[in-house]
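Please examine the sequence and the structure before reading on.

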Amino acid sequence: MTPDLITPENLTNELLKSILDAAYMDTSYDSDGDVKVREDITCFLVVDAKRKNKIRLLTQFGFKPEASELSRLQAVNNINEKYAIVRATSIENDNLQFSWDIPIAGGITPKAIVLAIKRFCSIPRDAVLDYAKDITN
């Protein structure tokens with residue numbers, strides 16, 4: 001049984017997985033113990049073990065080796081300008097990373113978490129098609 005509100009006091013990876021399983025989402029754990037969700041894309045839910053004040057959603061796409069640094073940065077800037085919900089970054093290991101933080105201070109309902117994850121997972125593929133399709137794998 002899930003609580004009415006998810007708070008920093010009761011937030012665990014196990015609770016997140018049980019909420020998503022109840023919503024019939026495809027979930028598992030990664031090698032670090034984070035929850036992995038397969039929707040339109042594969043998304044990772046990362047909880048700061050000490051603070052537990054947010055759930056960070058992450059996904060990434062690989063840049064093509066021949067993609068210039070300028071084209072990578074232009075894609076990141078365009079995505080950040082046009083897609084307000086996600087944050088795009090170009091990280092050192094040749095990946096275009098998307099993230100979004102769901103704050104949980106004060107509590108959030110399980111339904112709101114599920115809807116936020118579904119919304120997040122619907123954005124990166126469109127953003128890549130709009131601004132990075134020629135420079136990502």
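## Surroundings of Thr 136

Thr 136 touches Phe 61, Gly 62, Phe 63, Lys 64, Leu 96 and Val 128, leaving aside residues up to four places away in sequence; contact means heavy atoms within 4.5 Å. The model is predicted: local features need pLDDT of at least 70, side-chain atom pairs count only at pLDDT 80 or more, and totals for chains, interfaces and linings use all residues. Residues are numbered from 1 along each chain as its sequence is written, and side-chain values use heavy atoms, with hydrogens and water left out.

Thr 136 lies in the segment after α4 (124–131); helices (H or I, at least four residues) and strands (E, at least two) are DSSP runs, numbered from the N terminus. With a relative accessible area of 6%, Thr 136 is buried (under 20% relative accessible area, 1.4 Å probe, protein chains only).

## Helices and sheet

Helices α1 and α3 pack at an angle of about 75°, their axes 10 Å apart. They are therefore roughly perpendicular to each other (65 to 115 degrees). The residues that make this contact are listed below.

| Helix | Residues | Contact residues |
|---|---|---|
| α1 | 13–22 | Leu 16, Ile 19, Leu 20 |
| α3 | 110–122 | Pro 110, Ile 113, Val 114, Ile 117 |

An open sheet of six strands has the order β1-β2-β3-β4-β6-β5, with antiparallel pairing; two strands pair if DSSP finds at least two bridges between them. β1 (26–29) and β5 (87–91) stand at the edges with a single partner strand each, so one side of each has no neighbour in the sheet. Five bridges join β5 to the antiparallel strand β6 (residues 95–103), and Thr 89 stands opposite Gln 97 in β6.

Notes:
Axes are lines fitted to C-alpha atoms, for helices over the stretch in contact, and angles run from 0 to 180 degrees between N-to-C directions. Angles under 35 degrees count as roughly parallel, over 145 as roughly antiparallel, 65 to 115 as roughly perpendicular and the rest as oblique. Buried means under 20% relative accessible area, exposed over 50%, partly exposed in between (1.4 Å probe, protein chains only).
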